[in-house]
Amino acid sequence: MEELRVVARFVAESAQDVLPVFEQAVPGDPRPRAAIEAAWEFVNGAGRTKLQRVTSLDAHRAAKEAGTEVARLAARSAGDAASAAYLHPISRATQVGHILRAAASAARIAELDAGGDPAVGDMMIDQARRRATPVLISVLSRYPSAPTAKNRVAQLMSDLDSSLRASR
C-alpha cells in the first residue's frame with residue numbers, strides 16, 4: 001500500500017501542476033479537481049475507496065468533453081492521479097501509463113504553451129525524472145517498458161520510462 005501511495009504522489013504532483021490549465025479552459029467543471037483531491041486523500045493515508053474510482057472516471061469523462069488538447073491532457077492527468085491508488089499488479093505495459101502518463105501530459109502541455117517547442121517537453125521530462133523516487137522506479141521496473149510511441153505524449157512517456165529504467 002505504501003508503494004501505491006508513492007506512485008499516487010508522483011502522479012498527483014504532475015496532475016496538480018496542470019490543473020489550472022483545465023480550470024481556465026473549462027471554468028466551473030469540478031471533476032478534475034475532485035479527482036486530484038481524492039488522490040491526495042489516498043496519498044495522505046486514507047484507504048482506497050470508491051471515491052478514487054468514481055472521481056477518476058469523472059475526470060476522464062471531463063477529458064473527453066474538453067474542447068482543447070491541453071484541457072484534455074490536464075483532465076486525463078487528474079483522472080490518472082485518482083486511479084493510481086488502484087494500479088494493477090498484473091505486469092502489462094498499459095500499467096506504465098498509469099504511472100507516467102500524467103508527467104508526460106504535463107510535459108506536452110508545457111511544450112504546447114511554448115509554441116510546440118520539443119526542448120521544453122524534454123526539459124519537463126527531465127524534471128519528472130529527477131522527482132522520481134527509488135520506490136517509484138522499483139515499482140515501474142516490475143512492468144514491461146512503455147508501449148511504442150504513437151503520439152507526442154506517448155513519446156514523452158517512453159522517454160521518461162527509458163530514463164528512469166536506465167537510472168536504476
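Is Arg-129 buried, partly exposed or exposed, and at what relative accessibility? Arg-129 counts as partly exposed, at 28% relative accessibility, where buried means under 20% relative accessible area, exposed over 50% and partly exposed in between (1.4 Å probe, protein chains only). The structure is a predicted model, in which local features need pLDDT of at least 70 and side-chain atom pairs count only at pLDDT 80 or more, while totals for chains, interfaces and linings use all residues. Residues are numbered from 1 along each chain as its sequence is written, and side-chain values use heavy atoms, with hydrogens and water left out.

Arg-129 forms a salt bridge with Asp-126, with the closest N and O atoms 2.6 Å apart; a salt bridge is a side-chain nitrogen of Lys or Arg within 4 Å of a carboxyl oxygen of Asp or Glu. Both residues lie in helix H6 (residues 118-131), 3 residues apart, about one turn of the helix. Helices (H or I, at least four residues) are DSSP runs, numbered from the N terminus. Asp-126 is likewise partly exposed, with a relative accessible area of 28%.

A total of 15 salt bridges is counted by this rule. In one of them, Glu-3 pairs with Arg-142 at 2.6 Å between the closest N and O atoms. This pair links distant parts of the chain, 139 residues apart: Glu-3 belongs to helix H1 (residues 2-25), and Arg-142 to the loop between helix H7 (134-140) and helix H8 (152-166).

A salt bridge also joins the side chains of Asp-80 and Arg-101 (2.7 Å, N to O). Asp-80 is buried, with a relative accessible area of 1%, whereas Arg-101 is partly exposed at 21% relative accessibility.

Key: Helices (H or I, at least four residues) and strands (E, at least two) are DSSP runs, numbered from the N terminus.
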